[in-house]
Amino acid sequence: MIDFGPGRRAVKDPMQEANLFRGRAAAGFLIIAACLLVLVGRYVWLQVLRHDEFSGRADENRIKLRPLPPSRGLIYDRNGVLLAENILDYRLELVPEQVGDVDATLEQLGRVIAISADDREQFETLRKVKRRFHNIPLRYALEESEVARFALERHRFPGVEVVPYLTRYYPQGADFAHVVGYVSRIDSEDRERMEDARYSATTHIGKTGIERYYENQLLGDVGYERVETNAEGRALRVLGRVPSKPGRHLHLSLDANLQRATVAAFAGRAGAAVAIDPRNGEVLAMVSQPAFDPNLFVNGISRRDYAALLHGEQRPLYNRAVLGGYEPGSTIKPFIGFMGLKLGVRAATDTVWSSGEFRLPGQDAVWRDWKKGGHGRVDLREALAQSVNTYFYGLAVEVGIDRLEPEMRAFGFGAPTGLDLTREPTGVLPSRSWKQQRFGRTWYPGETVIAGIGQGYWVVTPVQLAHALATLAARGAAQRPHLLLSMQSGIDAPPEAVPALSPLPRIEAPDAVWDAVREGMEAVMHSPTGTARAFGIGAPYRIAGKSGTAQRARRRGNQEYNENTTPEHLRHQALFVAFAPAQAPTIAVAVVVEHGSSGSKAAAPVARAILDADLLQATPGPAP
């Protein structure tokens with residue numbers, strides 16, 4: 001538009017206005033095109049270049065994976081007897097969102113079904129980590145009468161229901177408690193040793209025994225359900241399922257009949273026994289007495305029951321067969337005798353005069369024999385038959401502690417046997433280096449004297465003693481003791497034998513050496529002078545045995561041990577080892593009866609009962 005001055009109208013310039021319009025239109029078009037380009041670019045980036053990623057994220061928000069628990073593998077003995085199984089049980093579950101006033105509901109529920117303080121505490125713990133619409137277990141292992149009572153009162157408790165589930169059950173009860181072990185609820189300590197993903201649907205874990213040692217094989221693999229959920233995480237529908245894979249079934253070398261016979265032989269006394277097949281190292285029986293019912297632990301033992309077991313006078317939770325440490329006493333004499341013959345220190349026919357006392361040259365200290373006045377002149381056979389201390393005092397001194405230690409270590413003393421159970425201790429094999437390391441003191445010659453009869457620093461476990469005896473019975477062909485025979489991937493699948501264990505070094509010695517020791521041990525059971533001859537009578541097979549009696553309190557001067565006047569906790573530990581048939585042994589047994597006073601009187605009848613149960617397939621009654 002052109003301005004002609006005051007009082008005159010301006011004239012429009014069409015050309016200028018058209019140029020202005022075109023400029024503005026072009027600018028607008030460019031802006032719109034740029035915006036469209038950005039939108040298209042964003043669309044390509046989201047829907048083409050990053051499609052898979054964002055599609056996955058969207059599915060994750062919409063679809064949840066719900067874990068499915070695997071069925072735990074079963075445990076059998078060598079003959080197919082069930083030792084651990086899964087049974088259907090019922091538990092009480094509560095959904096807080098549907099219940100409303102949880103505390104009032106719990107109060108009313110307690111009048112229908114017993115709810116302990118432990119149940120309530122466990123419920124409150126889970127309630128803190130679960131969402132309000134999740135089911136939370138309140139009581140496990142409901143009795144039928146409780147299920148029936150709740151069914152009648154069901155209408156009063158919206159949001160509370162009885163739910164079936166599979167739970168672990170040990171049909172043999174206490175007889176296998178220490179060796180099979182038990183499962184229980186997962187706690188904070190367990191979480192440090194487990195893979196969270198594998199336990200996402202599982203509430204229980206193996207705590208002790210075989211259940212713990214073979215946890216990975218028994219557990220199985222967790223399965224999953226793909227579940228569509230809403231924005232609050234509630235399940236709307238199941239989109240797909242990957243079934244869980246059951247755990248593997250285990251077949252153990254234990255013989256249930258022999259195990260029960262061994263328990264019966266103890267007749268309620270405290271102690272332990274281990275029976276091994278010396279031909280292959282298979283553990284046939286492993287008993288620790290007293291024991292406990294493992295079913296108490298499966299769904300949470302009450303504080304009262306646990307305190308009773310933990311502080312019980314005879315410590316029923318303590319696995320004496322594997323953890324118990326005992327002086328071997330005279331059960332070590334066959335090994336000392338073997339060592340003397342093997343090293344050429346003595347011949348089997350060499351005789352020693354037993355006067356009832358032993359002295360080291362130049363020392364006033366006296367080590368006595370168990371028989372006042374001694375046994376007279378004895379060779380190895382009679383020394384074993386009559387358990388002559390003075391024979392083995394002198395032999396240990398002649399061999400010396402520096403040669404004794406490696407010879408005994410070859411039988412497995414002073415080290416875990418490698419048994420497939422957890423927490424196996426080493427025991428103590430006395431030596432100069434061990435004493436220096438343990439006490440910072442030098443070794444004295446008198447300590448070699450008592451090492452020759454299994455006293456002093458010696459500590460063995462029953463399973464170590466049984467392993468050493470099995471090696472002796474197998475004439476040096478040492479087999480690593482083990483409990484697992486085979487695994488099975490399903491009821492219909494054939495059992496798969498476990499790979500052979502790495503061989504142990506063989507102990508080499510002339511046949512005459514093995515024969516001499518065996519003959520001496522046979523004399524213990526079958527000769528007129530044998531210390532356990534009363535328990536070899538009537539056996540239709542030959543037994544090679546040796547008693548042991550380990551002192552609990554030191555005697556002073558000529559003080560005599562009197563079983564009747566000695567407090568029970570100070571009475572001697574009674575031990576016995578035996579293998580049979582003596583010429584071709586198929587079983588080697590080590591027995592400890594705590595405070596039994598005499599190995600030949602208290603432990604030998606237990607060992608005989610075990611041998612009869614195995615070799616004669618007889619079920620013995622309680623030992624005398």
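**Side-chain pairing**

Mentor: Phe157 is buried, at 1% relative accessible area, where buried means under 20%, exposed over 50% and partly exposed in between, with a 1.4 Å probe and protein chains only. Phe150 is also buried, at 2%. The model is predicted, so local features need pLDDT of at least 70 and side-chain atom pairs pLDDT 80 or more, while totals for chains, interfaces and linings use all residues. Residues are numbered from 1 along each chain as its sequence is written, and side-chain values use heavy atoms, with hydrogens and water left out.

The structure has 18 aromatic pairs. Phe150 and Phe157 make a stacked one, because their ring centres are 6.1 Å apart and their planes lie at 25°. The rule takes rings of Phe, Tyr and Trp (its six-membered ring) with centres within 6.5 Å; planes under 30 degrees apart are stacked, over 60 edge-to-face, and the rest tilted.

Tyr182 and Phe297 are stacked as well, with centres 4.2 Å apart and planes at 20°. This pair links distant parts of the chain, 115 residues apart: Tyr182 is in the loop between helix H7 (177-180) and strand S6 (183-185), and Phe297 is in helix H12 (295-298). Helices (H or I, at least four residues) and strands (E, at least two) are DSSP runs numbered from the N terminus. Both Tyr182 and Phe297 are buried. Elsewhere, ring pairs join Phe335, Phe338, Phe411, Phe413, Trp458 and Trp514 in a cluster.

Now the charges. There are 33 salt bridges, each a side-chain nitrogen of Lys or Arg within 4 Å of a carboxyl oxygen of Asp or Glu. In helix H18 (401-409), Arg409 and Glu405 form one, at 2.8 Å from N to O. The two sit four residues apart in that helix, about one turn. An α-helix has 3.6 residues a turn, so residues three or four places apart point the same way. Arg409 is partly exposed, at 40%, whereas Glu405 is buried, at 17%.

Arg475 and Asp511 form another salt bridge, with the closest N and O atoms 3.7 Å apart. Arg475 lies in the loop between helix H21 (462-473) and strand S17 (484-488) and Asp511 in helix H22 (511-526), so the bridge ties together parts 36 residues apart in sequence. Arg475 is partly exposed, at 28%, and Asp511 is exposed, at 52%.
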